[in-house]
Amino acid sequence: MSFIPVLWNRYNQRQNDSDDLFHFMDDWNPMPVSWGYGRPMMQRRRRPENSLAERKWTYSVKLGDFDEQHVKVKVDGGKVIIHAKYIDGNDEWGDTVERTRTVQIPENVDAEKIHSFMKSDGTMMLEAPYRLSEEKQLQVVPQEGRSLVASDSHSNLMKFNVENFRPEEVKVSCKDGMLTAHGERKRSEDGHEVRESFWRQMTVPRSVDGKNIECFRDEEGNLTIRAPTVEDVEMEQAKK
């Protein structure tokens, strides 16, 4: 258990813990890579995402009329405990106002580096870097029949056609909350070497279980990358 000093932030900077919004196909610009089969091969690249190493976990708690001298913050058992207390009056006669808030620290957040500060509007802000992990290579599993569709229990993160690429030429990986799919192949045509490639990347949303991402490729060459929704995972754990 450790206590965290509470700092005062004089600037009313906007910070929140709202979920990221992901529009996977928005803001993509086609970029020609090479020519093949009499038509240009296109690589669609999204604007660069911030990696997990560049982002921070933030959480806000509205405390109202408390200021930093009335607030104590400590980390205990994977949780942040915020305790605010002040006495309106004197020691003999007065009203005591007290408030406690417990915040669960996500597994991929470095709890030893959490710090807190108060904003001018009485909001307590918690902030910490994410833990970095090793890159995880995901296996692409052949899927018989039609491609998979999104459902209440699973969310499709990426879905596109890779029929021009052999299975061993398609790689899918996940590291620090960034999902990457890329492929590359080389072939000879009329005495010239032709290179074809694609690259796609997105941030894994908080609404899915990033530890159980699955990849499927159907008979028509459609690659589907999906993950269980967080609500479905929590329900399965509750049944155990």
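Which residue forms a salt bridge with Lys 211, and how far apart are the closest N and O atoms?

## Basis of the model

This is a predicted model, in which local features need pLDDT of at least 70 and side-chain atom pairs count only at pLDDT 80 or more, whereas totals for chains, interfaces and linings use all residues. Residues are numbered from 1 along each chain as its sequence is written, and side-chain values rest on heavy atoms, with hydrogens and water left out.

## The salt bridge of Lys 211

Lys 211 forms its salt bridge with Glu 107, and the closest N and O atoms are 2.4 Å apart; the term denotes a side-chain nitrogen of Lys or Arg within 4 Å of a carboxyl oxygen of Asp or Glu. The pair links distant parts of the chain, since Lys 211 lies in the loop between S16 and S17 and Glu 107 in the loop between strand S8 (94–104) and strand S9 (115–118), 104 residues apart. Lys 211 and Glu 107 are both exposed, where exposed means over 50% relative accessible area, buried under 20%, and partly exposed in between (1.4 Å probe, protein chains only).

## Other salt bridges

A search of the whole structure finds 11 salt bridges. One of them joins Lys 113 to Asp 110, with the closest N and O atoms 3.9 Å apart; Lys 113 counts as exposed because its relative accessibility is 52%, while Asp 110, at 15%, counts as buried.

The side chains of Arg 195 and Glu 184 also meet in a salt bridge, at 2.9 Å from N to O. Arg 195 lies in strand S16 and Glu 184 in strand S15, so this pair ties together parts that are 11 residues apart in sequence. Arg 195 is partly exposed at 38% relative accessibility, as is Glu 184 at 39%.

## The antiparallel sheet

An open sheet of 4 strands has the order S11-S14-S15-S16, with antiparallel pairing; strands are DSSP runs (E, at least two residues), numbered from the N terminus, and two of them pair if DSSP finds at least two bridges between them. Strand S11 (136–138) and strand S16 (192–203) stand at the edges with a single partner strand each, so one side of each is left without a neighbour in the sheet.

Strand S14 (residues 170–175) and strand S15 (residues 178–189) run antiparallel and are joined by 6 bridges; Val 172 has Ala 181 as its bridge partner in S15.

S12 pairs with strand S17 (residues 214–218) in the parallel sense over 4 bridges, and the partner of Gln 143 in S17 is Asp 218.
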